[in-house]
Amino acid sequence: MKKKELYVIATLLPGMLMLCLYAFVGIYPFGEKSIIISDLSNQYIDCMLYYREMLLGHKDWLYSWNLGGGNGLSLFLGFYLSSIFNIVLIFFKPENIQNAISLIILLKICAIGFAAAYFFHAIYQKADIVIVLFSTSYAMMTYVIVYQCHLFWLDGLVFLPILLKFLLDIARKGKSLIFILVLSLACISNFYTSFMICLSIPIFLLHFQVDLT
């Protein structure tokens with residue numbers, strides 16, 4: 001298997017499996033059930049609709065009178081809406097927000113599969129079915145299945161394997177700029193999950209006994 005083929009399969013397979021799962025369970029667009037439940041239904045969807053208006057220039061980026069009777073938007077953006085995947089929202093009308101959310105979730109799951117394959121290929125220097133199986137297992141883990149309705153928490157699973165790969169590059173080649181840039185992007189995307197990513201980095205170093213000094 002060529003490297004490009006590995007990345008294509010590892011990226012598309014988790015998304016296809018998730019669609020098969022939706023079809024089997026009867027989740028929209030394959031049935032009447034919906035993933036818009038829990039906090040996604042109660043608060044996230046309103047935040048995403050407001051963010052769509054911000055992207056289109058219809059709402060202020062600094063302050064909103066609709067947020068808790070009037071509040072700044074910095075924490076609101078940092079926790080909920082800074083994901084790059086949310087750019088998809090501008091291509092859907094408000095009445096089609098469910099389609100937009102479903103697409104965002106699928107794109108994130110595909111990106112998780114790609115990120116895992118990127119990491120495993122860097123570790124084992126292989127491009128075979130084993131890498132695909134492990135990357136797909138990572139993308140389809142219980143956390144992803146259960147918490148996909150909390151779609152803002154999925155970004156961390158995209159960034160983590162990529163950060164660990166670049167962390168190894170620091171150890172092997174002394175190149176740290178890309179690691180810093182990706183870590184900064186992870187923190188901007190969602191400060192809550194990026195906090196846990198930062199905690200996982202020393203655990204990774206201890207496991208692989210990497211000495212960065």
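A pocket here comes from a 1 Å grid over the protein atoms alone: it is an open set of points where a 1.4 Å probe fits, with protein on both sides within 12 Å along at least five of seven lines, and lining residues have an atom within 4 Å of a point. Points are joined across faces, edges and corners, and a volume is the space filled by probe spheres set on them. You're looking at a predicted model, where local features need pLDDT of at least 70 and side-chain atom pairs pLDDT 80 or more, while totals for chains, interfaces and linings use all residues. Numbering starts from 1 along each chain as its sequence is written, and side-chain values use heavy atoms, leaving out hydrogens and water.

**Stop one: the second largest pocket**

Its volume is about 170 Å³. Select Tyr143, Trp153, Gly156, Leu157, Leu160, Tyr192, Thr193, Met196, Ile197 and Ser200 to show the lining. Helices are DSSP runs of H or I, at least four residues, numbered from the N terminus; now colour α9, which gives the most to this lining, with five residues.

**Stop two: the largest pocket**

This one has a volume of about 230 Å³. Of its 13 lining residues, pick Phe119, Phe120, Leu160, Leu164 and Phe204, which lie nearest the centre. Next, show α4 (97-124), α7 (155-173) and α9 (191-208), each supplying at least two lining residues. Which helix gives the most to this lining? That's α4, with five residues.
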